[in-house]
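Some notes on the model follow, as numbered points. Please read them beside the structure.

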Amino acid sequence: MELNQDWRKLQSTFFPSIAPTRKGAASSPAGAVYCIHDQDIVTLLFAEGEDLSDWTGASLADVRSQFSNRVVLEFERKALEASLLSSVAQPHLEAQIAQWREDAQAKLVATAAGHSVMLSPSRKDQAFLDQWFITKKNFLLESLNGSWWARVLPSAFGIFLRFEGLSGGSAGSSTKEFLLIYRKGQLEQFGVPDLGFIGSDRRKDPEEVCKYLADRCMVPVQAVLLREEDWLKWASEKNPWSEIAWAVQSSRVQLVPFRWSVVSLIASRGLLGL
Amino acid sequence: MLGIQRNQPVGSPLRIVVNYWEFRPTVLVERLDQLIQRGVSEIVSFVPWQAVEADISHLLSKFLQAAADRNISVSLVVSPELAIAYPNSGIPRDVLQKPECLALDADGQPLVVISAPNSHALPSILSAEFLKRHQSYLQRVDHYLHDAVKRGGAHVLHRVRLILTGSFWKYYRTPRHSVFSAFDGPSGEFTPASLIQLRNRIEQRFSEQEFCEPTAASSNRWKTKSMEEINRRWFMQQSEEQFRSRAAQFFNRKSLSVSLEQVELYTPEVDPSFHYSRTMSLISGAKADFSRLADLVDEAGQRHSQVSGDAVGSWLHWSGSGAFASLSTQERQFLILKSLLLLGAQSGGVLIDAEEWFSLSESFRRRTETLARSLAQGEYRLRQRACYWNSHLWSSGGNLWSELSGRLGSLSQMIASDQYLQSEAAGEIDLLLVDPTVIFTGLQLTRILSWTRAGRVTAIPRSLLYTEKARHELQRILSGDLRTERLDLHVGLPFELHVMGQGKLVVYDAHALEKSDSPEVARQFIQALMGLAEIRNPCAMSDERLQVIGLERQSGGRGIFILNPYQKVLASELVFSNEVVIEDLAHQLEGASLDDREDFKAQRFHLEIPPCGVLPLQVMDARWKSDLEQREASRRPELPSGFADGSNAEEFLSDAPGSRPWN
């Protein structure tokens, strides 16, 4: 048995650093204040690292006035709850959070310097929103989920990642593995794959592993072999694709099986910036 | 490291969670060997419903066998619980897809819980489909236990313990109400099926002889619209106990020689009062609200479940995939220590995810394990002084409970059954306060009165919620038939004071309490009750932001733990009612030699507590000791009269030894 949705491993593998990096991080005194309200009465006031529990029950006008030097992002309680309820159909928390953000942003009211603005998720407002919603982004998940790649990739596929040269030497082995399964453009399964049913010799061979996983999950699987130190560096960068493209060329990153189509996808991102 | 002592007493209050289903069989064995190497001898594993239904490779049996081969004690949590890192918290997807199986809040909306790896609706335990499927889950667990014995022999189960919990009942609350205060607003579930069951149970209960006196028509008064909320609370409490009992009966009847333990398991990260906060932290990408989690630890430490009248240990669970994991190391250490002190010192403890535990520094783990061992051996324990009997454990106790718990903190507790008063633990309680929503039968009143006569103070409401028999009994007391001395008083609330034997009975006006709905009224009344019961806090901090947890030490003296839940250094004075000797407790717990010990004698001590720090002190207090020896007299040290306004501030001022925080 294995965990098909290993949230913890997903977090530790794809988001190794949880420190917010954007300008005006919420933990600073100037960070945004997130307010859930019900008919202009505050249900909850939230800001990272601050205890604002005393504001529950206050009026929205008071909050705007008190925090006029900060950005206040206002969420209508009923709309938020409707979003939470409808999101239970999503396969996992990553997708659910994305839906909450999307739904919230569609109806979000923000006050900055005491002025209220209704925001729309248009390109113009997106920069503003991105400033206050730390979307924990990983270059690989972002490309697989939300880019034009989705239009050219098969409807169902798997990515098998093998990290070599672990510094911590966990689990008594020097490699760490992770499997992502996408179906209909959505991340469906994620976690450490169960390779217990294939022999240790076959397990060392990424081609054999790919065949085994493809048979078991009934999707084509692409294996990517890379060093953990490289992964940790790239995972903290916004767009490491050019480095990855060079790493593929110099065989520092190996693709198994080697597919030109995959190489061209990486190159188009890394070298052409598409 | 946790459990490093192989001769550690069974039932450490600090247990690590290693879920067998998170590993494939080969890795599982490796993992157990690693745990052995790290000195772990006792682990807890959740048994998700869906994992059991899908366990075609008999992983549970293999796990038990592998653990038995390594002499590892295993506690299997076989009640549905949240935050267990399994999709839908292990509840089968098809159950959650049936609208009739979903729990509804008072607004008729499904209750949604954020429990990584996903957010899902909460099922209704009262739904017939849920109960049917749950029964089949229990059968499958039983099947795997038998399978384990078949594979490895009877010894496989010798170190296995099945843990039954109160399941989802404690989470049936509406976030929009509980955001004000964790247990505010209507609790319980409101599905049409539950309403039908409520009606049936009401009919059944109030057809009992005692409720039909003096005439059969008398039973109707218990079924009126105004009684709905009171009856609902009773019904929810009864249903929870019934759910527990059914599971216990099943295993008692079916399973092999496996020990069964009833506990309460509470995960603050999925509490409804934390729901919006968690949503905002996930949407914004910010870390979780530490202060809310810290407050919820207090709530967990104060609510005491009972099963068939027996108190069960309360356990607090810190998961590896929720809000806890997003906190800083300092904050996580603070929460672990706080929960261990509050729950471990009263027969409960802390469950913590293995990866989270081993991510903490070795020195912190060593110190925490030392404390856990002291608690397991009964060296330190939390002696609670006041008890609040509510009709439903997971409902609000109103202004009276807010005031009582606010004043006494960890010295107060909430219960939901008078049978608790017959337990050994209740022997140390000095004050019992009964919520106005409790219905009294004759037997209950007699039980309470007899408990009171043994030198306690009991406050009961004067309300209409007495059966004829109970009303008659109360009338006898109030009219002086039982030769009690009576005083009519008005402190906050109008109440009558009756001296009964060595105890005191207070009958307060529930109607006046309801009418006033004022915290000030409750404040004055609680102050009066504490005065009657002679309950005083043994010490106090001049800065109220600091929390003090006082534990009694078996070998004499007290352990005083000062907690700073803030992100900045707080300086304060620790004030006792008389001169005491204090030492650095951290030294003692770490096994420092007697020569290294340094003590200080004073009445006031100046302390500086670092951010999220926990400062342990050993207090030797001759007066406190003599008070304990005269427990029946219930005399407790009082704070100096000038403490409140600081007029005695310079008297006996001394710096505390070391001021060395523990984390």
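**Notes on chains A and B**

1. Strand S15 (residues 431-434), helix H15 (residues 442-453) and strand S16 (residues 457-462) of chain B make a right-handed β-α-β unit. Right-handed means that, with the strands pointing away from the viewer, the path from the first strand over the helix to the second runs clockwise. Helices (H or I, at least four residues) and strands (E, at least two) are DSSP runs, numbered from the N terminus.

2. The model is predicted: local features need pLDDT of at least 70 and side-chain atom pairs count only at pLDDT 80 or more, while totals for chains, interfaces and linings use all residues. Residues are numbered from 1 along each chain as its sequence is written, with chains lettered from A and ligands numbered from 1 in the order in which they are written.

3. S15(B) and S16(B) run parallel, joined by 3 bridges; Leu433(B) has Ala459(B) as its bridge partner in S16(B). S16(B) also pairs with strand S19 (residues 503-509) of chain B, in the parallel sense over 6 bridges (pairing requires at least two DSSP bridges). There, Val506(B) is the bridge partner of Ala459(B).

4. Of the 6 residues in S16(B), 5 are buried (20 or more other C-beta atoms within 10 Å of the residue's own, with C-beta atoms placed from the backbone).

5. In chain A, with 12 helices and 10 strands, buried residues make up 30% of the 274 residues. Among its contacts with a separation of 6 or more, 56% join residues 24 or more positions apart (contact: C-beta atoms, placed from the backbone, within 7 Å).

Terms used
A residue is buried if 20 or more other C-beta atoms lie within 10 Å of its own, exposed if 12 or fewer, and partly exposed in between; C-beta atoms are placed from the backbone. Two residues are in contact if their C-beta atoms, placed from the backbone, lie within 7 Å.
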